[in-house]
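Subject: Structure handover

Hello,

Here is the structure you asked for. My notes follow below it.

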Amino acid sequence: MADYVLAIDQGTTSSRAIVFDHSGRIVSTGQLEHDQIFPKAGWVEHNPDQIWNNVREAVGLALTRANINHSDIAAVGITNQRETAVVWDKTTGKPVYNAIVWQDTRTQAIVDELGGGTGPDKYKDVVGLPLATYFSGPKIKWILDNVEGAREAADRGDLLFGNTDAWVLWNMTGGPDGGVHVTDVTNASRTMLMDLDTLSWREDIAADMGIPLSMLPEIRSSSEVYGHGRPRGMVPGVPIAGILGDQQAATFGQACFEVGTAKNTYGTGNFMLLNTGTQKVPSKNGLLTTVCYKIGDAPQVYALEGSIAVTGSLVQWLRDNLGLFADAPDVEWLARKVEDNGGAYFVPAFSGLFAPYWRPDARGALVGLTRYVTRNHIARASLEATAYQTREVMDAMKADSGVELTELKVDGGMVANELLMQFQADQLGVDVVRPKVAETTALGAAYAAGIAVGFWEGEGDVTANWVEDKRWSPAMPEQERDRLYRNWKKAVTKTFDWVDEDVQ
């Protein structure tokens, strides 16, 4: 009897493998970081071969540390950085170009051209997304237009596309020797190519982008057996049975199954999802309409999402680019040395602003500076930026859904920062709740896979396993909260209209 489920979490900065037991507790982990490649300003790439090698090594580490092997694993679930596009040759298994990462902004000209006279909402009624550099479709077009021989190879049917979930699955199930080319509805809903109602590829939109349908993976549910580990792989014969984009996986792992429940993940960026049930809710306030999950043959569940491009990566930037501290957690130590931000506000629009503004012309700004401001104030302003951006998204969700949230479940690396979590509760005016198992992204993928093979019975088991770890309640006077937020909104306007046609 297999006692565990393995989750592969292929993220923006690293690939992790985590073994979970039936109670949803972590048994062991393996993790390796991959290179962040910046060929030009605004360009962000990953090496797909490095990612695949790291996934294999991470799985080996996790199994070894748990002192188990593939026969102890009931199923494998995959979760991944969404929108990051990989295009590879199905015969050789080699990528034709580096993966273009979700943060990359090189496709702005393509996006503008596609919008034409209609503008960024051209496809929004169908796909739930505005035209933006964030999504996979324009990235595929860029590769086909700019990599020598790629267009011809695609027209011959030799090239395949996938977000990193499809890349990992294809390699795990055989690669050029019978690899399964499949994605799930959550990842497909981030390409700008899937109809949210029919859950199928839109031939007309793909044609607009010059993308042959032969490149696209088959769309399946988030919880079913897609294939099995290849015979000489790290999990030979084990069913690979769950795929969820990282933010949907975290929503699933947080047991947000009721309409109106929401979670916020604090990672490289921040992503808040609100479950809207089997009814999709079009956004009029800068949010995305997306698929939350689909379990087997059950109807798909939709969500509203607020995507924030830069939160945790701002802390990395302070560490790596400015050298303000040596280790990311030190940002809290610096920020605690001052009582407030000293009047400084940091708007990290490094690649434009995502929700609720969708302003590709914006760039980062540190405003309100006086001689009084120290690096401690800048550290605090950087943390506060995450909380302010989250409040903007929550306000948009209230406006779109009519739902007043009573609490917000949180997860991701930054939830260990207690100063930030308290300030977040202060800004939102509702309790912020952290679960015992903070690795909810990997856990959600594990649950989807385990449900598909009967290891768990269904959503009820997920809810039963969820345990609260800590709760932060608002403690700031309302007048002070509103004053800070008013100044934040003013600071945001200073980032607009920075990028002209001749300034990138």
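First, a term: on a 1 Å grid over the protein atoms alone, a cavity is a set of points where a 1.4 Å probe fits but cannot get out. Its lining residues have an atom within 4 Å of a point. Grid points are joined across faces, edges and corners, and a volume is the space filled by probe spheres set on the points.

This is a predicted model, where local features need pLDDT of at least 70, side-chain atom pairs count only at pLDDT 80 or more, and totals for chains, interfaces and linings use all residues. Residues are numbered from 1 along each chain as its sequence is written, and side-chain values use heavy atoms, with hydrogens and water left out.

**Cavities**

The model has three cavities of 30 Å³ or more.

**Cores**

A nonpolar core is a set of buried Ala, Val, Leu, Ile, Met, Phe, Trp, Tyr and Cys residues joined through side-chain atoms within 4.5 Å. Buried means under 20% relative accessible area (1.4 Å probe, protein chains only). The largest core has 105 residues, with Tyr-134, Leu-193 and Met-215 making the most contacts inside it. Helix α12 gives the largest share, 11 residues. A separate core has 35 residues, including Leu-6 and Ile-240.

Helix α12 also holds Glu-384. Glu-384 counts as buried because its relative accessibility is 4%.

**Strand β14**

All eight residues of β14 (270-277) are buried, so the strand is largely enclosed by the rest of the structure. β14 pairs antiparallel with β13 (262-266) over five bridges; pairing takes at least two DSSP bridges. Three residues separate these strands in a hairpin. β14 also runs antiparallel to β16, joined by seven bridges. Leu-273 of β14 stands opposite Lys-263, and its bridge partner in β16 is Glu-305.

Best wishes

Definitions and conventions
On a 1 Å grid over the protein atoms alone, a cavity is a set of points where a 1.4 Å probe fits but cannot get out, and a pocket is an open set with protein on both sides within 12 Å along at least five of seven lines; lining residues have an atom within 4 Å of a point. Buried means under 20% relative accessible area, exposed over 50%, partly exposed in between (1.4 Å probe, protein chains only). Helices (H or I, at least four residues) and strands (E, at least two) are DSSP runs, numbered from the N terminus.
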